[in-house]
Amino acid sequence: MTLFDVIFQGNDAVYGLTEKAVDDAIAKYGADKKVGFPGTAYSIPCYYAVTGTKVGTLGELKDALAVVKTLMTREAKLNDALMSGVATALLAEFIEVLKYIDNDTPYEAPYTGHLPDPVIRELGVPLVTGDIPGVPVIIGAAPTAEEGAALVKSYQEQGQLVTLVGGIIDQCAEQKVKMGANVRVIPLGKDITAVAHVVSVAIRAALIFGNIKPGDAAGLMAYTKERVPAFVNAFAPLNEVIVAAGAGAIALGFPVITNEDTFAVPECLIPKVPVEKMNAASLEARNIKIKITKVDIPVSFGSAFEGEIVRRGDMQVEFDGSRVDCCELVHMKDPSEVEDHAFELIGPDFDEFPVGSKQSIAYVVEVAGKNMQADFEPVFERKFHSYLNCIEGLMHTGQRDMIRIRISKDTFNAGFRAKDLAEVLYTQIKNEFAAVVDKCQVKIYTKPEDCTRIRHEIAIPMFDKRDERLSSMTDEAVDVYYSCIMCQAFSPSHVCIVTPERLGLCGAVSWFDAKATHELDPNGPCQVVTKERPIDERIGEYEDVNEAVKKFSQGALDDVSLYSIMEKPMTSCGCFECICGIEPFSNGVCIANREYAGQTPLGMTFSELASMTGGGVQTPGFMGHGKHFIASKKFMKAEGGIARIVWMPKDLKDQVADAVNKTAKELYGIDNFCDMIADETVTTDPEELVAWLTEKGHPALSMDPMM
Amino acid sequence: MPFNRKAHKFNASINEVEIGTGDKAIKLGGENTFPFYSFDGSLGSGPKIGVEITDLGLDAEPEGVKAYYAGCNTIGEIAKKAAEMPGGDFVVLRLAGGDPNGANKSVDDLVAVAKEVADAIDTPLVVEGCKNVEKDADLLAKVAGALQGKNILVMSAKEENYKAIGAAAGLAYGQKVGAESAVDINLAKQLNVVMTQLGVPASSIVMNTGSAAVGYGFDYTISTFDRVRAAALGQDDKMLQMPIITPVASETWAVKESTAAEEDADEGWGPVEARGISMEVQTATACLVSGSDAVILKHPESVKTISRLIRELV
């Protein structure tokens, strides 16, 4: 027998029962007898929501039966099966409503039966806000009462709203699980038809919170699928009625997870799940993420501890990447390889190291998620520094394989061990990156030989690969850029366009960062900017970019170029790491960085330059930018590129020299280009500058005039 | 050459949001031109004035406010008198006593206050929270439920708690929601976007884009109004076309110009109450001419002055 046959059979059986029950009721009370659930404006809710027709009497219920029959088509196709499932749920509601004839309370404690509208409004708010992360519907009896109660409790601990139908209720009672709406465990009723009451909750939530119009069945099903995080846990044995009802759940977007050995439908019907794995399997199937509110470690955790220094004398143990092999790593994995919240310590724990000793450590955070991308790995990894520093009595410096961690004696004595370090990484990654991380596990290695192997065989090749990708990324190689308007609070008309070769002028937002920011917060400050309609490739002007700039500057700017300092230069907020300004005598540009307090050949200091460059205005000849942009091949490409740089402060020159020399070699074949760039130790006088540049044979002198 | 008047027309307008029920219901917004540019377009039903009262009673209020409410003993009586204030269009109940760092009144007590106020008046009601985001999430959700059917405006839904307040007020109980952001057009817009994604209809949202007393960083407040209005009308930005309501009294009566006693103040400052009224009137006027569709005031003298200003200009 196929799954279709089982569903159709179950559906037919319920139809037969319902028809008989309705006929019997009409025989007993007459067709004009009123029917309905107490305390709802939507009677009878499921049927009303699906069809848009209200049912008030037994006669109308009989008519409704005929309408339901039209849903029960019998082709062996998915839609027929799903609609038969919906029909089964509607019929279950009919059977349930008959119980309420002349009786407002057919259910007695602990059973709740129908839930009135006010309860739904009250539960609906935490559902919409995500405070109730999910709604498990548990049907039948678990293999043992202990297992059943443990499953219910596991959901309860996660703040989920657990609804129970059938044998599980007695099992919970036997195991003394507290039940009631206040503890978020709702025993609906003994019969399978009582499942209609939770369907009714989901459906009325759509009407009340989703503004779904009754009769809009497609809108209804879209809403329940997207917004009502319900799922079914059905215990073996499953009869055809339960399977048919399950098809109804699937139609509403609620996956069915069961321990029965039955048909499997990916993402919809998941069989053969042992009871102890049902929670995890259900969360994964319904894509539910549980919010972690507290970091469970033996010491305090908070930004107050970020700047804390652990001195040698106070130190229990130190991990020092500059002396022994250490590393920290985020690694994207396939979901099947990651067990959420798993922790593994390979090697001795902190209490097995001599006090004050220097040790190796490698911690690897493995993440998986439907929306996870390998490009996010370094973005997460860079956060480790601030996560770990928030731990009281723990100091973290550096990154990648050059880390140093010190743990204080007090923190160690409070019970802080490797698992707590893992717990911090786990909770912070899960909380901050919930949009892309579905599962996360942490492995900590403390044996020197393991650390050496991981550092050299896994971490360093991975870092090299990332660097390679970053340095080989060109503006031409990507399809989209990103806008960034983080600074508009104080510079209202400024928009950064972030490209692979031109990072944000603050120096803090690379193209990857902007991309990750966008994925994590789709309504946030970084938005996708397409680049499909070039206007002028030379200066980097695109119609799409101009449209974005106009939109995000609220009309203050009409057009910008990405690669020119003279024509429509990009604006600056005020956060720039550096300012580049035209130097007319030498036909070049001078760059000043924020740290440089002295005079420049332009006759202006950094702050004086800043006052005319910031504020979101276009000032041809002046531009704010990040330090890394200096060595970019796109640095004022329209005016000839970095060959125009004639002066920068010595400190800055030392920081960027290697990268700038490399770019100059590649672009112009000039060796040691930085030696031709003047600094404050040479001169800050424009005439002396020209003389010095002439002596050095600086290429800017012979280039086309900039103005 | 004769003068040819050219109207500046926009193909966009500010949403009209109704609060209250029955004859006294009012509409905020609805204009399709800049503030008071009645020569260019429609001003909707014109700017409105809210009269603020708080659950903390009258003890800390200026003399003129105390005098106006003389003889009122319960919050219900105060509310009734506020609703009758000449020039006022609606009553604003600020539940300041909920602040955990202040009186820390219980949610149940404050909900009872809100009910008493709502039952005492037939003018529209706006309820503000206590500025503590966690407390407000719970408090305002409960108030929205308790006053179902009154079509009140529930203020103070911020980035941190908009889900709870938006879902309760805007979805479960059919009230209007005030989206509060801090003087930044992008934050204002983002809050409107996420609020509508939550399911709250754009037509149920009113914005509080931030407020301050004149002289206290007030230029930020004004430039935010300017930019929001320019984007809403000039660029037809649907996510910024919500009417703006600005709490004025709670800002202006807290600054030293309004509180320093005459003997402590600089020479020439004059009587304290006159200064307070002046601060309130100046701030409210600047808000209205820059884009606020409603201002929240408390002194009867200010309400009288501003209502006259609106009458003369609309």
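Residues are numbered from 1 along each chain as its sequence is written, and chains are lettered from A in the order in which they are written. As this is a predicted model, local features need pLDDT of at least 70 and side-chain atom pairs 80 or more, while totals for chains, interfaces and linings use all residues.

**View 1. The largest nonpolar core, with 186 residues.** A core here is a set of buried Ala, Val, Leu, Ile, Met, Phe, Trp, Tyr and Cys residues joined through C-beta atoms within 7 Å; buried means 20 or more other C-beta atoms within 10 Å of a residue's own, with C-beta atoms placed from the backbone. A:Val195, B:Val91, B:Val127, B:Val154 and B:Ile165 have the most contacts inside this core.

**View 2. Around A:Val195.** Leaving out residues up to four places away in sequence, A:Val195 touches A:Ala92, A:Val137, A:Ile139, A:Val165, A:Leu188 and A:Ala245 (contact: C-beta atoms, placed from the backbone, within 7 Å).

**View 3. Helix α10 of chain A, residues 240-251.** Helices are DSSP runs of H or I, at least four residues, numbered from the N terminus. In α10(A), 11 of its 12 residues are buried, among them A:Ala245 and A:Ile250. A:Gly253, with a positive phi near 95°, follows α10(A).

**View 4. Where chain A meets chain B.** The contact takes 17 residues from chain A and 22 from chain B. On the chain A side, α5 (117-129) and α8 (196-209) each give two or more residues, and α5(A) has the largest share, 5 residues.

Definitions and conventions
Contact = placed C-beta atoms within 7 Å. Expected span 1.5 Å × (residues − 1).
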